Every structure is written in C-alpha cells, then in structure tokens.
Amino acid sequence: MQLELLKYEPPQDRKTPKYLQLARLLEEWLAKHQLESGAKLPSDRRLARHLNVTTVTVNKALNLLVAKGMIVRVVGSGTFLRRGSVPDKKLRIGLVSHEPILEDNGFISTLLRELRRMKSMAGIDILQLIRKPEEYAGAVKEFNLDALIVIGAEKYFVPTLRQIGATGFPIVSIGMYWKELADLTFGTDHAAVAAQAVRLLVANGFKQIGIVSSRESERTVLISSTEERLRGYRQGIWQARLSANPDWEITYSWNKETELREQLYRLNRENALPQAFLVSDLHAVEPLFHFLSELKIAPPKIVTFDNNLRSELAAIPYFSLTQNIHDTVERAIRFIDAKIHGKLLPCHKPTAPKLETTCRSLCVP
C-alpha cells in the first residue's frame with residue numbers, strides 16, 4: 001500500500017465523527033486503487049502517524065470496513081484486504097449524497113440495507129461518495145463508475161441530473177420525487193402522500209388536522225421532504241374543505257424540543273388542539289407523544305411517514321404510511337442494468353410509489 005498517496009485533511013463537517021470520515025476516505029482510496037486481494041495494510045499506529053489522527057480513530061474506522069466485509073483483521077498478523085473484495089470487474093455504482101449518509105433507523109437505514117442486499121445478490125460494487133452536483137462528472141471519471149444513484153436530491157440538483165441523464169449515462173434519484181426528473185426518479189412524491197394521509201383521516205371522521213415539522217437549528221428553511229409534506233398537507237386540507245388553522249402548522253428546531261412543548265401547551269390552554277397530527281419527521285414522534293401525554297388528555301391521533309426501525313417507538317401508538325424500499329431499489333437497479341446493456345427500459349412510474357400502511361396499536365375510529 002503506497003501510503004504517501006493517501007491524504008487526509010481535517011473534516012470541515014464537525015457534526016460527523018472523524019472515524020466515519022476516515023472510514024469513507026479509506027473505502028474510496030481502496031476502491032480507487034484496487035489493491036491485490038489479500039494485500040496487507042499498514043499498522044494502526046503507522047496509519048495514525050501518517051494521517052495525523054489517533055490510533056483510536058484509525059481503529060474505529062477500520063472496524064467499520066471490517067463490518068462492510070472489505071478487510072479482515074488477524075490478531076498478531078495485521079489487517080488485510082479481504083480476498084474477493086476487489087474483483088477484477090464488477091458493475092460499479094456510485095451512491096452519491098451531498099452530506100454524510102448516516103444510519104437513522106428509518107428511511108436511510110432501510111435503503112442502505114436493501115442496497116447491501118442487492119449488492120450481494122446482483123454482484124455489484126457500491127461506492128458511497130459525498131459530492132455536490134457539479135462534482136458528479138468528475139467522480140464518474142475518478143472512480144470509473146458505471147452508474148450513479150443520487151440520494152436525497154434537492155430541487156437545485158435537477159438541471160445537473162437532467163443534463164447527465166441526457167448523455168445516456170445511467171443516473172437515478174432515490175428519496176425525493178421531482179416532476180422534472182420523472183423518468184429518472186425512484187422516490188416518493190411527498191406532497192401527494194401527505195395529501196393522501198389527510199384524506200385517510202377525513203374518511204375516518206377527523207376534521208381538525210395539524211402537522212408537526214422540524215428543522216435543523218441552523219437552517220432557516222425546511223428540508224425538501226418536509227417542505228413537500230407541508231405543501232401536501234395544505235393541499236389536502238383545501239381539497240377536503242376543512243378549516244385551516246395556522247397554529248396547527250407546528251415547526252420547531254431539532255435540538256429545541258421545548259419549542260414543540262410550548263406550542264402544544266398553548267393550544268391546549270386555548271382548547272384548540274387538533275384531533276390528529278401528521279408528523280413530517282419520524283424522530284419527532286417521541287417528543288410529540290411525550291408532551292401530549294404530559295397534558296393528561298385523550299391525545300390526538302398521530303400519522304407519520306417513514307420506515308421505522310426504532311425500538312424506542314415500539315410502545316408509541318401511531319399510524320404510518322411507508323414506502324416499499326425493497327421495490328424501489330429493485331426497480332432502480334433494473335433501470336440501471338437496462339440502461340447499461342441497451343435493453344428495453346422497464347416500465348417506470350415513479351409518480352405512484354407503492355405504499356404500505358402500518359398500524360401500530362392504533363385504529364382510527
């Protein structure tokens with residue numbers, strides 16, 4: 001391993017632990033240089049000294065690569081590239097995001113699990129990258145990628161994705177639906193699903209419906225999926241000809257749950273709590289239920305959107321609309337394979353994602 005070619009710069013993103021960033025760097029470096037299977041890596045101490053980080057950071061980063069099956073660690077012998085982990089040629093797909101992809105026990109965790117399953121079954125190589133849209137073309141050349149899967153594409157990504165797609169290069173978007181990318185998007189139309197949730201509640205007798213959204217404290221605007229759900233909620237309220245109460249649109253900062261508590265308590269004092277809440281973000285379910293329980297009233301029904309893997313929510317009653325991620329990933333991979341091999345492209349209708357309704361200890365009246 002030519003250690004002098006491996007460079008590490010202190011991360012500007014202070015929210016992501018160093019070991020995660022280092023693991024990503026090592027994974028990209030190993031994928032790019034394609035060392036011989038079984039090649040021995042430098043010791044933790046030597047890597048730490050070369051990269052100017054602690055041995056603890058190196059150890060945690062390498063353990064992540066062990067979990068991914070890229071390397072093996074043999075006590076008393078060292079760290080080695082797993083045999084067969086760098087094949088002569090696999091279909092290499094870049095999994096690209098504009099910020100770190102972290103496990104969330106929700107949509108992202110479910111998506112990564114399905115991609116890992118597909119990677120094993122279909123014999124493809126998936127390389128996780130953090131790149132801005134203007135860097136996509138460079139990443140394709142740098143890592144010799146056969147296709148790109150973009151996670152969580154924001155609205156301003158559309159022109160770049162459209163331009164790359166027009167060249168014939170296989171590129172798809174998962175996680176957000178934009179009508180301008182209808183032929184490349186394998187995501188959820190969050191606005192349509194939120195409107196669907198409103199219709200579901202109305203059909204079951206609910207007339208007073210609110211929505212809870214959260215944002216990062218440093219953001220002044222909502223993330224795209226949350227913004228689209230809010231738009232769909234308003235559309236659903238208007239279509240159902242329900243009374244629109246601005247106070248029922250509750251927004252709070254992720255790390256300031258007291259903001260949520262204050263708004264709920266004020267509504268309760270005014271005897272103005274709605275009968276049901278849509279919850280844009282899965283992590284808002286727990287504080288919402290907790291604060292409503294504090295009020296010692298019959299709590300409003302809770303409807304959320306996402307694939308829940310969080311054990312801490314097991315005892316909380318809520319109704320959820322979730323995307324079938326297994327189906328989404330399979331369709332995206334089939335699309336990429338057809339594009340690469342010049343096959344007839346499969347029927348693709350991203351505007352109507354398959355949804356599964358999950359009821360946890362709750363039945364609407």
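Visitor: Where is the place of N52?

Guide: N52 sits in the loop between α2 (44-51) and α3 (55-67). Helices here are DSSP runs of H or I with at least four residues, strands are runs of E with at least two, and both are numbered from the N terminus. This is a predicted model, in which local features need pLDDT of at least 70, side-chain atom pairs count only at pLDDT 80 or more, and totals for chains, interfaces and linings use all residues. Residues are numbered from 1 along each chain as its sequence is written, and side-chain values use heavy atoms, with hydrogens and water left out.

Visitor: Why does N52 count as exposed?

Guide: Exposed means over 50% relative accessible area, buried means under 20%, and partly exposed lies in between (1.4 Å probe, protein chains only). N52 has 71% relative accessibility, so N52 counts as exposed. Its phi is near 60°, a positive value in a residue other than glycine.

Visitor: What makes R241 exposed?

Guide: The relative accessible area of R241 is 75%, so R241 is exposed. R241 is in the loop between α8 (224-239) and β9 (249-253). R241 is not a glycine, although its phi is positive, about 55°.

Visitor: Why is N324 called buried?

Guide: The relative accessible area of N324 is 11%, and therefore N324 is buried. N324 lies in the loop between β12 (318-323) and α11. T110 is 214 residues from N324 along the chain, and their C-alpha atoms are separated by 9.6 Å.

Visitor: How do you know that the span of helix α7 agrees with its 14 residues?

Guide: The expected span of a helix is 1.5 Å times one less than its number of residues. Helix α7 (residues 190-203) should therefore span 20 Å, and its end C-alpha atoms are 20 Å apart, which agrees. Among the buried residues of α7 are H190, V193, L201 and V202. G205, with a positive phi near 95°, follows α7.

Visitor: What makes β5 and β7 edge strands?

Guide: Two strands pair if DSSP finds at least two bridges between them. The open sheet of 4 strands has the order β5-β4-β6-β7, with parallel pairing. In this sheet β5 (124-130) and β7 (171-174) each pair on one side only. Neighbouring strands are turned by 25° against each other on average, direction ignored. Helix α11 (residues 325-340) packs on the sheet, touching β4 (91-97), β5, β6 and β7, and its direction makes about 170° with that of β7. Contact means heavy atoms within 4.5 Å. Axes are lines fitted to C-alpha atoms, for helices over the stretch in contact, and angles run from 0 to 180 degrees between N-to-C directions.

Visitor: How do you know that β6 and β7 pair?

Guide: Strand β6 (residues 147-151) and β7 are joined in the parallel sense over 4 bridges. V150 stands opposite S173 in β7.

Visitor: What covers the description of strand β10 as buried on both faces?

Guide: In β10 (residues 276-279), A276 and L278 on one side and F277 and V279 on the other are all buried. Strand β8 (residues 209-215) runs parallel to β10, joined by 4 bridges, and I209 stands opposite A276. Strand β11 (residues 301-305) also runs parallel to β10 over 4 bridges, with K301 opposite A276.

Visitor: Which hand has the β-α-β crossover from β10 to β11?

Guide: The chain passes from β10 through helix α10 (residues 285-294) to β11, and this crossover is right-handed. The term applies if, with the strands pointing away from the viewer, the path from the first strand over the helix to the second runs clockwise.
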